[in-house]
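Me: I would like to learn how to read a structure feature by feature. Can we take one together?

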Amino acid sequence: MLNNLFWLVPIGSALALGFAYFFYRQMLREDEGTDTMKKIALYVRKGAMAYLKQQYKVVTLVFIILSAIFAI
């Protein structure tokens, strides 16, 4: 019984990743819309990448500081 429950999590995780990949591929096949929608999507994409770049800088800095503290 316990052995069967052990495999439930990895199988469920693999199944969830499979569905996520399926929906991702399905989304990529869809049309982006009109020219105005494509323009807006480009601005959103650029803004999201700028935000992520800033977040990566902060996370890297915090990681380095905490690593130094834990190393001491």
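**Reading exposure, fold and rings**

Reply: Start with one residue. Leu-61 is exposed, with a relative accessible area of 52%. Keep in mind that this is a predicted model.

Me: Where does Leu-61 lie?

Reply: Leu-61 sits in helix 2. Pair it with Lys-38, 23 residues away along the chain. The C-alpha atoms of Leu-61 and Lys-38 are 35 Å apart.

Me: Which residues make the nonpolar surface patch?

Reply: Leu-61 is one of them. Take Val-62 as a second case. Val-62 is found in helix 2, which covers residues 35–71. Its relative accessibility is 41%, so Val-62 counts as partly exposed. The cut-off for exposed is over 50%.

Me: How many helices and strands does the chain have?

Reply: The secondary structure comes to two helices and zero strands. The radius of gyration is 21 Å, whereas the globule rule gives 11 Å for 72 residues. The chain is therefore more spread out than a compact globule.

Me: What does the C-alpha trace span along its principal axes?

Reply: About 55 × 45 × 10 Å.

Me: What share of the residues counts as buried?

Reply: Of the 72 residues, 0% count as buried. Buried would need under 20% relative accessible area. The chain exposes about 7100 Å². Carbon and sulfur atoms supply 73% of that area.

Me: Is Ser-13 exposed, partly exposed or buried?

Reply: Ser-13 has 38% relative accessibility, so it counts as partly exposed. Its place is in helix 1. Compare its position with Val-44, 31 residues away along the chain. The C-alpha atoms of Ser-13 and Val-44 are separated by 30 Å.

Me: Now the rings. What describes a pair of aromatic rings?

Reply: Two values do: the distance of the centres and the angle of the planes. In this structure the count comes to three aromatic pairs. Take Phe-19 and Phe-23: their ring centres are 6.3 Å apart and their planes lie at 25°.

Me: Why is the pair of Phe-19 and Phe-23 stacked?

Reply: Planes under 30 degrees apart count as stacked. The planes of Phe-19 and Phe-23 are at 25°, so this pair is stacked.

Me: How are Phe-19 and Phe-23 placed in helix 1?

Reply: Helix 1 covers residues 2–29. Phe-19 and Phe-23 are four residues apart in helix 1, so about one helical turn separates them.

Me: What is the relative accessibility of Phe-19, and what is that of Phe-23?

Reply: Phe-19 has 46% and counts as partly exposed. Phe-23 has 48% and also counts as partly exposed.

Me: Which residues form the aromatic cluster?

Reply: Phe-19, Phe-22 and Phe-23 form one aromatic cluster.

How values were computed
Residues are numbered from 1 along each chain as its sequence is written. This is a predicted model: local features need pLDDT of at least 70, side-chain atom pairs count only at pLDDT 80 or more; totals for chains, interfaces and linings use all residues. Side-chain values use heavy atoms; hydrogens and water are left out. Rings of Phe, Tyr and Trp (its six-membered ring) pair if their centres lie within 6.5 Å; planes under 30 degrees apart count as stacked, over 60 as edge-to-face and the rest as tilted. Buried means under 20% relative accessible area, exposed over 50%, partly exposed in between (1.4 Å probe, protein chains only). Patches are made of residues with over 30% relative accessible area and no salt bridge: like charges are joined within 9 Å, nonpolar side chains (Val, Leu, Ile, Met, Phe, Trp, Tyr) within 5 Å. Accessible areas come from the Shrake-Rupley method with a 1.4 Å probe; for residues, only the protein chains shown count as cover. A salt bridge is a side-chain nitrogen of Lys or Arg within 4 Å of a carboxyl oxygen of Asp or Glu. The radius of gyration is taken over C-alpha atoms; the globule rule is 2.2 Å times the number of residues to the power 0.38.
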